[in-house]
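Subject: Structure for your review

Dear colleague,

Please find the structure below, followed by a summary of what was found in it.

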Amino acid sequence: STTDRPKVEEAKSRFRLLFPEVPADWVHERPYYKLRVGAFRSRAEALAFMAETLKDSYPGAYPAKDDHIHPRDFLTQH
């Protein structure tokens, strides 16, 4: 997250280059712009993805719950 919109847009572009199969978008929750990626069925799946895939590129990543995700948007297991 950041308070700088161009910074979060750049982070989204970089993420999509690194992980084109994983959906990514940002949301604005004043005062922060937050990059959100993926859609996982459980916290355990999200944590596994973070540990296996994001730990080096995004060490500050953390899981976040979003109750507005449609089941069709969930990622298949990696």
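With 14% relative accessibility, Thr2 counts as buried, where buried means under 20% relative accessible area, exposed over 50% and partly exposed in between (1.4 Å probe, protein chains only). This is a predicted model, in which local features need pLDDT of at least 70 and side-chain atom pairs count only at pLDDT 80 or more, while totals for chains, interfaces and linings use all residues. Residues are numbered from 1 along each chain as its sequence is written, and side-chain values use heavy atoms, with hydrogens and water left out.

Thr2 is located in the segment before α1 (5–18). A polar atom of the Thr2 side chain lies 3.1 Å from the backbone nitrogen of Asp4. Apart from neighbours within four places in sequence, Thr2 is in contact (heavy atoms within 4.5 Å) with Lys7, Val8, Pro31, Tyr32 and Tyr33.

As for the protein as a whole, 2 helices and 2 strands make up its secondary structure, and their pattern along the sequence is α-β-β-α. Helices (H or I, at least four residues) and strands (E, at least two) are DSSP runs, numbered from the N terminus. Along its principal axes, the C-alpha trace spans about 30 × 25 × 20 Å.

Of the 78 residues, 22% count as buried. Among contacts with a separation of 6 or more, 51% are accounted for by residues 24 or more positions apart.

Yours sincerely

Conventions. A polar contact is a pair of N or O atoms within 3.5 Å; within protein, one must be able to donate a hydrogen and the other to accept it, and residues adjacent in sequence count only if both atoms are side-chain atoms.
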